[in-house]
Amino acid sequence: MPAAGTETTSRRRLTAEIWIVLGLSLGQSAVYAVVSLIARLTRPERLSEQTATLNASRSTREYLDLTYQVLSIGFALVPVALALYLMSGPGRSAVRRIGFDLAQPRRDLLFGAGLSAVIGLPGLGIYFLGHALDMNVSIQPSTLNEYWWTVPVLILSALQNSVVEEVIVVGFLMTRLKQLGWELPAIIATSAVLRGSYHLYQGYGMAIGNMLMGVVFAYFYHRTKRVMPLVVAHSILDIVSFVGYDLFADELGLP
């Protein structure tokens, strides 16, 4: 049985790890999203008259823009590497621990596709309803110029979003909170609230929608102990949104 001092040190370390990883990633995004929402709500325009761009161009020069996009995607994955490193140890693989591996490819693809269908259609409904009720901004998935690399970069962006969110908000956070002795309802609620909070820049309607998605994803992870199906589901949703918008915006008359 560990000594009281050792147990206290361990709890402090786990808590510090959570704050550090979140402070470098989605916790930081949540703080900025809150400030962004306040800024939007204090503007003269209604929330539904404002726009949020998810994948914006960073330069008018083609290959400089490509460089910025790739660097942004790459550095966004560093907190994921940190989270996996912190959960690893001698004889203990973090990727296997949270199911972020290719051990069950067919099962993960099947569950991921099913989750994307379950989440995708209601998600669209929440977006349009929230926009009609002035709870959301208009979301523009991409303003990238049409280059040969635009679609590949959008796919990479979707994959990056999926890996960062599911590994950190679900795999890492839920594992650490469980180690701290939290009860399951509190763990799921915390994961879901965090997911909703960093989407507040899109409006509180979308934040609520993402919280509901967070509850489903967190419970699924609790039952399966695998993050990969969530990464698959999230990737499908974002790829359809990002690439579909880029390919068909003009044909559909979208801004």
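1. Buried means under 20% relative accessible area, exposed over 50%, and partly exposed in between, with a 1.4 Å probe and protein chains only. At 7% relative accessibility, Ser-235 therefore counts as buried. Its place is in helix H10 (residues 228–252), where helices (H or I, at least four residues) and strands (E, at least two) are DSSP runs numbered from the N terminus.

2. As to the basis of these notes, this is a predicted model, in which local features need pLDDT of at least 70 and side-chain atom pairs count only at pLDDT 80 or more, while totals for chains, interfaces and linings use all residues. Residues are numbered from 1 along each chain as its sequence is written, and side-chain values use heavy atoms, with hydrogens and water left out.

3. Contact here means heavy atoms within 4.5 Å. Not counting residues up to four places away in sequence, Ser-235 touches Ala-158, Leu-159 and Ser-162. Ser-235 and Arg-43, by comparison, are 192 residues apart in sequence and 33 Å apart in space, C-alpha to C-alpha.

4. Which residues of helix H7 deserve a look for their accessibility? Arg-176 lies in H7 and is buried, with a relative accessible area of 3%; leaving out residues up to four places away in sequence, Arg-176 touches Leu-14, Glu-17, Ile-18, Leu-86, Met-87 and Arg-97. Lys-178 is also found in H7 (residues 150–179), but at 56% relative accessibility Lys-178 counts as exposed. Apart from neighbours within four places in sequence, Lys-178 is in contact with Ile-187 and Lys-225, and its C-alpha atom is separated by 43 Å from that of Glu-45, 133 residues away along the chain.

5. Helix H4 (residues 78–87) and H7 pack at an angle of about 25°, with their axes 10 Å apart; axes are lines fitted to C-alpha atoms, for helices over the stretch in contact, and angles run from 0 to 180 degrees between N-to-C directions. That angle makes H4 roughly parallel to H7, given that angles under 35 degrees count as roughly parallel, over 145 as roughly antiparallel, 65 to 115 as roughly perpendicular and the rest as oblique. On the H4 side the contact includes Pro-79, Val-80 and Ala-83, and on the H7 side the residues include Thr-175 and Arg-176. By class, the contact of H4 with H7 has 11 nonpolar, two polar and one charged residues, where Ala, Val, Leu, Ile, Met, Phe, Trp, Tyr, Cys and Pro count as nonpolar, Asp, Glu, Lys and Arg as charged, and the others, Gly among them, as polar.

6. The axes of helix H6 (residues 105–132) and helix H9 (residues 204–224) come within 10 Å and cross at roughly 160°, which makes H6 roughly antiparallel to H9. Phe-111, Leu-115, Ile-119, Ile-126 and Tyr-127 in H6 meet a set of H9 residues, among them Gly-205, Met-206 and Phe-220. The residues of this contact of H6 with H9 divide into 11 nonpolar, two polar and no charged.

7. For "transmembrane region", an unreviewed UniProt entry lists residues 18–39, 66–88, 109–129, 204–221 and 228–248; UniProt positions are given in the numbering used here, feature names are shortened, and annotations may be inferred rather than shown by experiment. In the model, residues 109–129 are 100% helix and 0% strand, with end C-alpha atoms 30 Å apart, while residues 66–88 are 91% helix and 0% strand, with end C-alpha atoms 33 Å apart.
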